[in-house]
Amino acid sequence: MDKNQAIIDYLITCPKIQDNPLYFNFIHGNEDDKQIITTGNEKTIDRPYVDGSVLKRFTFTIIDFKSVAYRAVVKDGIHVDENVEDILQVQDIIDWIDEQNEARNFPNFGEDCIVESISTTANNPNLNGVDSNVSPALAKYSISIQVNYIDVSKVLWK
Amino acid sequence: MAVTQFNLADHQRAERKQLLTVAAWQESSGGTGTHEVRELLGRRTEDSSIEYNADIQTSTDILGINYTDINKTQPQQDFDPYLILGGSKLGAKLNDIRRRNALSELDQFTIYIITAFCGEDGAYEAEKHVNCTITYNSMGGDANVNFPISVYLSNDSVTGTVDKLGDDFEFTQDI
């Protein structure tokens with residue numbers, strides 16, 4: 001089972017993702033586009049057990065593109081919170097991941113992998129920067145996600 | 001009996017997973033019958049060894065020569081962590097014994113030690129120890145519930161082979 005495809009299949013069940021274009025690694029970002037970026041996973045964190053199974057981690061990042069409003073949050077007594085609303089939408093993805101973990105609803109990595117948990121590495125989105133070369137300018141919010149799973153493919157005991 | 005050579009290439013190291021400890025016990029099949037339930041030990045345990053705990057007595061004669069006697073061995077294997085895991089039959093049994101404080105039931109286990117680096121597919125060398133004791137040492141931990149156990153082998157054992165590496169193996173005693 002290709003873990004990248006498993007992640008895509010999993011993420012498109014998220015209400016905040018399924019209604020917007022989702023890209024894999026490469027993108028010309030537009031407002032509300034989502035991008036999955038793969039991350040190399042250090043083998044040094046693998047934990048082998050005496051039965052031959054190995055605890056491994058699959059890490060990836062979701063980038064969420066949001067248009068930028070260059071306005072003060074409070075100006076002349078008027079609250080303009082478009083940027084705040086945008087980041088709350090990104091926050092919804094983090095909350096969804098937490099809910100799935102609680103419900104033990106995990107990506108399907110195939111019969112040789114037992115997924116243990118899925119979690120974000122931070123409790124709130126990270127602002128990676130703003131692309132001012134497009135109009136409107138796009139903020140790139142990122143969420144790093146890690147999936148811990150047990151690889152049982154090398155276990156002798158069947 | 002000839003010594004069985006390792007089924008490894010020259011200088012190839014045996015992998016840890018080729019040394020297997022399997023706990024077995026009898027459970028009711030309904031009615032009057034029983035059947036043997038088995039479980040491989042070591043899931044989520046990163047390091048575990050059989051400690052033979054040899055009782056050694058050494059004396060030295062007037063020529064300065066040492067004589068070492070081994071009176072007995074008391075083999076023991078600890079599994080720490082031994083996590084409470086869904087689907088663990090042994091974990092559930094030990095927890096049931098713990099709740100009832102039925103300590104006398106802890107010494108009724110059969111333990112198979114399988115050396116999968118000896119023998120061949122369909123006939124791996126094994127030892128079968130009867131009336132072994134498994135103790136639970138503590139319960140708790142941090143993020144997950146740890147229930148570390150110690151296995152005490154009885155040395156009331158026979159050698160033989162197992163035909164496969166799985167719960168439904170058949171143990172054949174050496175003649």
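Predicted model: local features only at pLDDT ≥ 70, side-chain atom pairs only at ≥ 80, totals over all residues.
Visitor: Why is the pair A:Lys66 and A:Asp32 called a salt bridge?

Guide: The term asks for a side-chain nitrogen of Lys or Arg within 4 Å of a carboxyl oxygen of Asp or Glu, and the closest N and O atoms of A:Lys66 and A:Asp32 are 2.6 Å apart, so the pair qualifies. By this rule the count comes to 12 salt bridges over all chains.

Visitor: Why is A:Lys66 called buried?

Guide: Buried means under 20% relative accessible area, exposed means over 50%, and partly exposed lies in between, as judged with a 1.4 Å probe on protein chains only. A:Lys66 has 2% relative accessibility, and therefore counts as buried.

Visitor: What makes the pair A:Lys56 and A:Asp151 a tie between separate parts of the chain?

Guide: Their side chains meet in a salt bridge at 2.9 Å, N to O. A:Lys56 lies in strand E4 of chain A and A:Asp151 in strand E9 (residues 138–151) of chain A, so the pair ties together parts that are 95 residues apart in sequence; a strand here is a DSSP run (E, at least two residues), numbered from the N terminus.

Visitor: How do you know which of these two residues, A:Lys56 or A:Asp151, is buried and which is partly exposed?

Guide: A:Asp151 has a relative accessible area of 13% and is therefore buried, whereas A:Lys56, with 24%, is partly exposed.

Visitor: What makes a space in this model a pocket?

Guide: On a 1 Å grid over the protein atoms alone, a pocket is an open set of points with protein on both sides within 12 Å along at least five of seven lines, and its lining residues have an atom within 4 Å of a point. The largest pocket holds about 550 Å³ of space and is lined by 24 residues, with A:Asp51, A:Ile114, B:Arg43, B:Leu85 and B:Gly86 nearest its centre. The second largest pocket has a volume of about 410 Å³ and a lining of 17 residues.

Technical notes:
Residues numbered from 1 in each chain as written. Chains lettered and ligands numbered in written order. Heavy atoms only, no water. 1 Å grid on protein atoms, 1.4 Å probe; cavity = no way out; pocket = protein on both sides within 12 Å on 5 of 7 lines; lining within 4 Å. Points joined across faces, edges and corners; volume = space filled by probe spheres on them. Helix = DSSP H or I, 4+ residues; strand = E, 2+ residues; numbered from the N terminus.
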